[in-house]
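Work through these exercises with the sequence and the model side by side. Try each task before reading its solution.

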Amino acid sequence: MPHRDEEIALIDTARAELLSLVTHELRTPLAVLSAYVELLSDAASGSSPASPGDLASWREAAMQQVGRLNLQIDSIRSEEHTSELQSRFGISYAVFCLK
């Protein structure tokens, strides 16, 4: 049984590291993209290469991607929590929800 606990701990550590890496690697470009869209929006009154409609659609697309990423991260974290409950207490998520 101790060997199994060590394997579970290694898997949990790897999952946390992967989540951290993926979160950083995806959120950083989205933040940069959002910042550029905001800069272009601020310059729109001057000589911006994009129309206000384009800027609005780009801003909306970036926000949708951030929302999707957040949903995925929340889902992974929820799975981690469920996995922890199962390994600690030997109960399934469905049973936990019924109580």
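**Exercise 1.** Decide whether leucine 18 is buried or exposed.

*Solution.* This is a predicted model, so the call rests on computed values. Take the relative accessibility of leucine 18: it is 52%. The cut-off for exposed is over 50%. Leucine 18 therefore counts as exposed.

**Exercise 2.** Find the surface patch that includes Leu18.

*Solution.* Start with the helix: leucine 18 lies in α1, residues 2-43. Next, list the partners. Leu18 forms a nonpolar surface patch with Val22 and Leu26. Together they have about 250 Å² of accessible area. Now recall the helix rule: with 3.6 residues a turn, residues three or four places apart point the same way.

**Exercise 3.** Name the residues of α1 that are buried.

*Solution.* Apply the cut-off: buried means under 20% relative accessible area. In α1, Leu19, Thr23, Leu30 and Val37 are buried.

**Exercise 4.** Check the span of α1 against its 42 residues.

**Exercise 5.** Describe the whole protein chain.

*Solution.* Count the elements: three helices and zero strands. Read along the sequence, the pattern is α-α-α. Next, burial: 12% of the 99 residues are buried. Then the surface: the chain exposes about 7500 Å², with 62% supplied by carbon and sulfur atoms. Last, contacts: among those with a separation of 6 or more, 51% join residues 24 or more positions apart.

Notes: Residues are numbered from 1 along each chain as its sequence is written. This is a predicted model: local features need pLDDT of at least 70, side-chain atom pairs count only at pLDDT 80 or more; totals for chains, interfaces and linings use all residues. Side-chain values use heavy atoms; hydrogens and water are left out. Helices (H or I, at least four residues) and strands (E, at least two) are DSSP runs, numbered from the N terminus. Buried means under 20% relative accessible area, exposed over 50%, partly exposed in between (1.4 Å probe, protein chains only). Contact means heavy atoms within 4.5 Å. Accessible areas come from the Shrake-Rupley method with a 1.4 Å probe; for residues, only the protein chains shown count as cover. Patches are made of residues with over 30% relative accessible area and no salt bridge: like charges are joined within 9 Å, nonpolar side chains (Val, Leu, Ile, Met, Phe, Trp, Tyr) within 5 Å. A salt bridge is a side-chain nitrogen of Lys or Arg within 4 Å of a carboxyl oxygen of Asp or Glu. The expected span of a helix is 1.5 Å times one less than its number of residues.
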